[in-house]
2 protein chains.
Amino acid sequence: SSDNGEHKTDIPLLEQFGLPDAGLHTRQYAGHAVGFNQARRTPRWVAEHITSTKITGPANRKNMKFKADPSIQPHFSAFNEDYLGSGWSRGHMAPAANCKYSQDAMRETFFLSNIVPQNNENNSGFWNRLELYCRSLCSRFDDVWIISGPLNLPQKIDGKDCVHHYVIGKSDVAVPTHLFKVVLAGRSGGRSLCLGAFVVPNEPIGYTPKLTDFQVSLSELEYKTGISFFPKLRRGSWQDLCSVDGCQLMNFHDMECYIAERKLAATRSVHELDNIMQRLVEKGVEPHNGLLTKYKTKKEELLQRFQK
Amino acid sequence: SSDNGEHKTDIPLLEQFGLPDAGLHTRQYAGHAVGFNQARRTPRWVAEHITSTKITGPANRKNMKFKADPSIQPHFSAFNEDYLGSGWSRGHMAPAANCKYSQDAMRETFFLSNIVPQNNENNSGFWNRLELYCRSLCSRFDDVWIISGPLNLPQKIDGKDCVHHYVIGKSDVAVPTHLFKVVLAGRSGGRSLCLGAFVVPNEPIGYTPKLTDFQVSLSELEYKTGISFFPKLRRGSWQDLCSVDGCQLMNFHDMECYIAERKLAATRSVHELDNIMQRLVEKGVEPHNGLLTKYKTKKEELLQRFQK
Ligand SMILES: [Mg+2]
Ligand SMILES: [Mg+2]
């Protein structure tokens, strides 16, 4: 051998002033955990564990404000100013509504470490319906684990494979071309596991595509993200979520009724109450009976209050 | 409070099947350390500590082969096939020539975990001269720490801030738009530290620009990379490397002579020997005396061997 005896890096000397620190540690919050990407100023991934208990409760979005995560150095953080006027909405990765059990947990989902620049229609539409589907799993499974995050996928431009994405604001927050979600659902004790992985373009999707149109194998998602998901889970020890549970998102009619129902609950005037129902009719949506009952109850309540 | 008492994530349950693993640990090699980017299939950063001892010695590039890093899962690795025919060269971050002290250390610099797709002219030209400058620091400082890596910087496209970069091969290896290098040089015991940070476009540079044209503050590089460099080094405890040491790269004449000298050393025929000197003349480069002496010595050596 031509070596002079020094076979290994002199580690103490190499590390005398510290190795580069890309802020790669896992950040724990009350209701979720985040792997943050300091270069992109967005999460790399956000992990949650939800149950029927956690998604039920009195916590609400009122008075919740998006804000820079105080645990992230300003140098590497996104700020509300980056998003405002950018044309991109602030899209939760761990959804606020998954934290109904705790106002504190919900508050932390509004940290920008849990947020990516998301197409507005996607955020309130398809992605919202995917989140609703994930919550609905809690009625059929004891435990649901969800990992969500942004992706920038290559595309062909002038015949060449390119990654092309926007950055917004003074912090150069990276706008993802796609979002991913991995869902693992099981019975108590981690039995009968079902897994589904999805990659959804960060653009308006509408009601025509099905969730299964965006399903990918876990292996493909790992290749695209560079991340190993559920590393302690034996490969192939799960069933396909969409085969077992259908992966049916709420349809247009039910979704419109659901949104109207939420608006009803928040309304404080009879005039606005009637507007909500009127807009449903204009969209050709016939309110289902549950919604009609809620409308009548709320109207009586408001009229009584008005008469006092 | 509206909370039901569960203020913290149930961490054992959240982590039951493991949190996402992006392979973010530091990888130690004989002569360098790597933070690898599994999504890009390139290093995120490569760290070295060099001295006049380490850059001197018998190790050489002969029989050295680029190869996939055996410690990286194939799913997340680059392969030689990704680079071949791509139009991009395999650019070392920790240069092979910084490991003259150890053939083992040099061999590991050929792992593709230490390599990024680099413009060929940049690799053999400006970046090579920057590496030579870093080695030259070893004659004036006792210890030199170097961190190198790829960058994908935003640019204005149609008035919008975008990141746009190519990916190559079946592994979608990310082609950087820029390369960075941070150089910290000191006397023994970490005294009299000088620091310089540079961001160089991944394209042909030529001899007109100076190294200082590409200098940035450490803070600016940290913002661009999302990485904190030398985190144990007190901010502002260093002098500017280029003010103290000049940051002068080798000029065209000296560089051509240097390259010719290396080619002379490797040549095994008189015909090729004369070709090397002839090409210098064609480029208008007058060989310096040291080179002429080496040429004459080598020629005599080859002629004698030929006569035997
Ligand atoms: Mg949302
Ligand atoms: Mg090179």
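**Two copies and the surface between them**

In this predicted model, chain A can be laid on chain B by a turn of 180° and a shift of 0.0 Å along the axis, with an RMSD of 0.1 Å. The two copies are therefore related as by a two-fold rotation axis. The same surface serves both copies, since 100% of the contact residues of chain A recur in chain B. Among the residues of chain A, H164(A) comes closest to the rotation axis, with its C-alpha at 2.2 Å.

H164(A) stands opposite H164(B), which belongs to β8(B). Around this point two strands meet: β8(A) pairs with strand β8 of chain B, residues 160–168, in the antiparallel sense. The pairing runs over 5 bridges.

How many residues of chain A are in contact with chain B? There are 78 of them, and they touch 78 residues of chain B. The area buried between chain A and chain B is about 6700 Å². Carbon and sulfur atoms give 56% of that area. In chain A, the residues that lose the most area to chain B are F17(A), P20(A) and Y223(A). Together these three account for 12% of what that side buries.

Next come the contacts between polar atoms. Between chain A and chain B, 25 residue pairs are in polar contact, counting pairs with both residues at pLDDT 80 or more.

Which helices and strands of chain A each supply at least two residues of the side that touches chain B? The helices are α1 (11–14), α3 (103–109) and α6 (218–225). The strands are β1 (26–28), β3 (42–50), β6 (143–151) and β8 (160–168). Of the elements of chain A, β8(A) gives the most to this side, with 8 residues. This is the strand that pairs with β8 of chain B.

Sorted by class, the side of chain A that touches chain B has 34 nonpolar, 26 polar and 18 charged residues.

Conventions:
Residues numbered from 1 in each chain as written. Chains lettered and ligands numbered in written order. Predicted model: local features only at pLDDT ≥ 70, side-chain atom pairs only at ≥ 80, totals over all residues. Heavy atoms only, no water. Contact = heavy atoms within 4.5 Å. Buried area = accessible area lost by both parts, 1.4 Å probe. Polar contact = N/O pair within 3.5 Å; in protein donor to acceptor, adjacent residues only side chain to side chain. Helix = DSSP H or I, 4+ residues; strand = E, 2+ residues; numbered from the N terminus. Nonpolar A, V, L, I, M, F, W, Y, C, P; charged D, E, K, R; others polar. Pairing = 2+ DSSP bridges. Least-squares fit on C-alpha atoms with pLDDT ≥ 70 in both.
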